[in-house]
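Let's take a friendly tour of a protein model. Have a look at the picture, and then we will walk through a few of its features together.

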Amino acid sequence: MFAAFDSQSFTESPFKFMVLSVSDLHQPDLFSDPAPVPPKRLFLDWDRPLLERAAEWLIGQGEGEGVLDLGHLLVVVPTRNSARRLREMLANLADERGTAVMPPLVAPPSLLVRADLGAARIGRPIAGDLETMAAWIAVLQSADLSRYRSLFPIPPAAQDFSWARGMARDLVRLRSDLGESGLTLAETSRRLPSGHDEAARWTDLAKLESAWLEQLARMDRCDRETARALAAENAEPPEGTREVIVMGTPDPFPLAVDALASLNAAGVPVTVAIYAPESLAHAFDEWGRPIEETWPRLPLEIPDFFRSVEIVANPDALIESVTRAAAAVPEPAETLAIGAVDPELAPILETSLLDQGVPAFNPEGSRVSREGFHHLLDLLGKLLAHPDFGTVRELLRLPEIGGYLFGKLGKWNSRRALQVLDESHGEHLASELPSLIRFLESDAEFLADSERERDREAAPHYRLTAEGLAQLRDLRKDLDKGPLARSLPPVLRELIGSRRREGEAGNWSEKVIETSAAPLMAALSELATILDNGIELSTADQFALLVDQVGELVVSEDRPARAIELQGWLELLWEDAPHLIVAGMNDGIVPGAIVGDAFLPENLRSFRALRLTTNDQRLVRDLYLLRALVEPRRQSGRLDLLVPKTTAEGDPLRPSRLLFRCEDEELPARVTHLFREVDTPGSQASWSPGFQLVPGLEREGRPERSARPIAVTAFARYLDSPFHFWASYEARMSEVDAEKAEMDAMDFGNFCHAVLERYGLDPDARVLTDAEEIDAFFQKVADDIAFARFGPRPGLAVRIQLDSARRRLAEAAQHEAIQRREGWEIIGAEVKLNDAYPLEIAGRRISGTIDRIERRGDCLRVLDYKTTDKKKASLRDHLTEVTQRTPDDWPPDYARFEHLDFFPRSKSKPPAEKTYRFKKLQLPLYALALSRQEPDAEIRCGYFHLAKAIADVGPDDWVADAELLDATEHCAAGVIDDIAAGRFHLLKATGPYDDLVPLHLGVPERTLDLTHLGAGDEVPRPS
């Protein structure tokens, strides 16, 4: 092996270095190591696919007669998949020749540096992944960070498990990257030139690594990367191997090259088979790697470039193009291969092909972190660490938890429990599991004693939900009993055993669990060893490490018969199909690039002494690989390179720089082709969904709904947007904020409303004329309601809001005293229309609850409480003047009426008649109901404002005359007729405050088909 270049010795005495080098060359020292013997090189011409060339050459190396014996060979290929394909091809060739073959050992380069062989020399077992992480976490949490100022110039906010876990992940990845070159953090630090900008930082890393290695030694474990380096230094061939062939492997990692050199030096012949004509021998080094200085100067001619390179708009267009091409081939597995070089495309492309009846297989599989089993583990870990509302809510969505609670309680309805939980959280804003249970139990008792039948019917659901959450609390206790290795398996057995297994999805879930079971048990065993070695980890912390490890596992579907395999970029060199489609030829993917590495930036990778792969080396490798894909298909075959212009989100992508390698005179035409505009199906600029929702489609057997009363507040929703009315009042849709930690505007209003309600219902309090006495009543009631609703320790945000409410109520007390002294008598509070003032219009009952009714002489006043930050006059909130700018399409004519000017600017002139349209009907409908029973009374309507500004607090009112009441009845009848006819197809989007944006995604005309909501042939019309 070549000795490492000592940059420090060269810097101190370059002349001495030069003399020694020349002496070594011309006057060999009899006592020094002999010069390393280079491996033998072999060239396989690329006029035919590498797979064919390699198999034919290997068949020629067979020993013995009859059965071809290749068992003496170790064939090193880039990946496990290429190894599988080579073995299959050898078997096929032997079969064609009427014989059999004893195959060689075919494996990727990692076989040469087996960590277990190095560990055997060290004499300690290799630290597992969890042990490695736990050791780093222990070191990082206990480290005096002041000793590592260059590494941590700004100490973390908390030197806790969460920080240490994230840092440990980075260090494990860093050592793995360096390990490919046989380096440790300490060795890297030693190889940096003196005075390098990063030297002090790497010195700190080396010190931290030393502490970590000491921790492993105390655990009687050795480091995997050190063991691999030792295995490479003392490389031994597998048993029975007499010769090593490195076959079509243009990018072996440096440590594997060290092992090959060690084998070669020990007398095991090593042959490097390079896929290229021998005329390009000068373009490869002795290990078959493309030479960095040579390949950028070699021509890269892509036949029929402008046909072969297809520019597509985005990933959707790319997938459509590939799927269409594959579906057009009678037997695609025989003649077509697909390279999904962007790994994000592979699973989507697999689904698209299968949907079109084209068998496809993604060998990369799916990470368990994307599967339901991992989600279950993750939520159980969160239940241990932070059993908050969001975690509990997500747990109740899992079928495993639903089955578990059904088994424990004998009856359980997860959907109803989620609804109850959302209602309780929205009311009490409880965040922790014990508080959630306590409030559910108290709500159940309150509802059971309610006068309303609907409340009494809901009480058992609240009680059952509380019992379900109590079971989750007990489950948490079971998980936290003793070591996780003992507590988790029985819990998982019970949870998984209780879930339903139905259909293909159930089979896949079973496969995920089967794939995860053995690694999970091994990880639990590791955790037990970690605890036995004195590393302290809470059960929740153990769970977090376990979830991380299980999430990294990969699970794959079974390979369908005669399936097209969706291969990665490095796999394509071994593809022999005459027609190859490469999907995703974008810069950053081909060639790959490392950008923004916190520890190994490009300027550090460029130091030759570190032997790290640079972006320039990736470029050279990929130049060679693309040339190797072109050449065997140049005469008889086809290569299609698909280049998306944007991501799925519309962000621009650059074409691969490999596509610009051409003669200067051709470059302008290529640039024009690669950056030309293309048609975007559905227009990427104006995004198009893959399907539309069809609300209102009636299910078979669904009972007809009775004509329920219409709430006075519902008319405003319909006049604003019929579809929003349908979603809210017909479909009963409502948004739930799982992150809610404070009262929203409605909650805040309801809180203040509840205080004023008790005041209006209390016969002694509502006649008080002293503001201080009224305020004392308000504050006492506010404290009682806050305690009942939020408990003794509400969150900080809620406490701030309660203080704001108290200040508003204190000012309201001043106005209440004034109103009582002025003669306004409260005669009703929380008055239900159906009980006291029944109202029916166009055959439909109108429902509603009047906040307060007051009387002074022959005048009745209806007040509605408003807690908006900014005062909005109640009359202007209900109607607006029709002008030339008022849209004609909505609302309909029935919402318009003529009336004398409500807001005259001159008191000297009589008001003119103007046209108005209703925005709301709430107060006018209350006035209409009162007028039918008290026709001789003057009816006034208004808001009692509890605004943020003190000057805005108090009542404002106006007269509801006969003309206004007639217009109100006419408008209400028009809305009722439209509702009865099912006219809900008009959608008026209301910008960022539209609560249905999650449903229609801001483009309702493309996401919703409203034909079943009265649209007929029309389409939804957003405003």
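## A pair of strands

Arg940 stands opposite Val959 in β26. Strand β25 (residues 938-945) and β26 run antiparallel and are joined by six bridges. Two strands pair here if DSSP finds at least two bridges between them.

This is a predicted model, in which local features need pLDDT of at least 70, side-chain atom pairs count only at pLDDT 80 or more, and totals for chains, interfaces and linings use all residues. Residues are numbered from 1 along each chain as its sequence is written, and side-chain values use heavy atoms, with hydrogens and water left out.

## The sheet around them

Five strands form an open sheet with mixed pairing, in the order β17-β20-β21-β25-β26. β17 (825-832) and β26 (954-959) are at the edges with a single partner strand each, so one side of each has no neighbour in the sheet. From one strand to the next, the twist averages 25° (axes are lines fitted to C-alpha atoms, and angles run from 0 to 180 degrees between N-to-C directions).

## The whole chain

The chain has 38 helices and 26 strands. Both are DSSP runs numbered from the N terminus: helices are H or I with at least four residues, strands are E with at least two.

Along the principal axes, the C-alpha atoms fill a box of roughly 125 × 65 × 60 Å. Of the 1023 residues, 48% are buried, which means under 20% relative accessible area, while exposed is over 50% and partly exposed is in between (1.4 Å probe, protein chains only).
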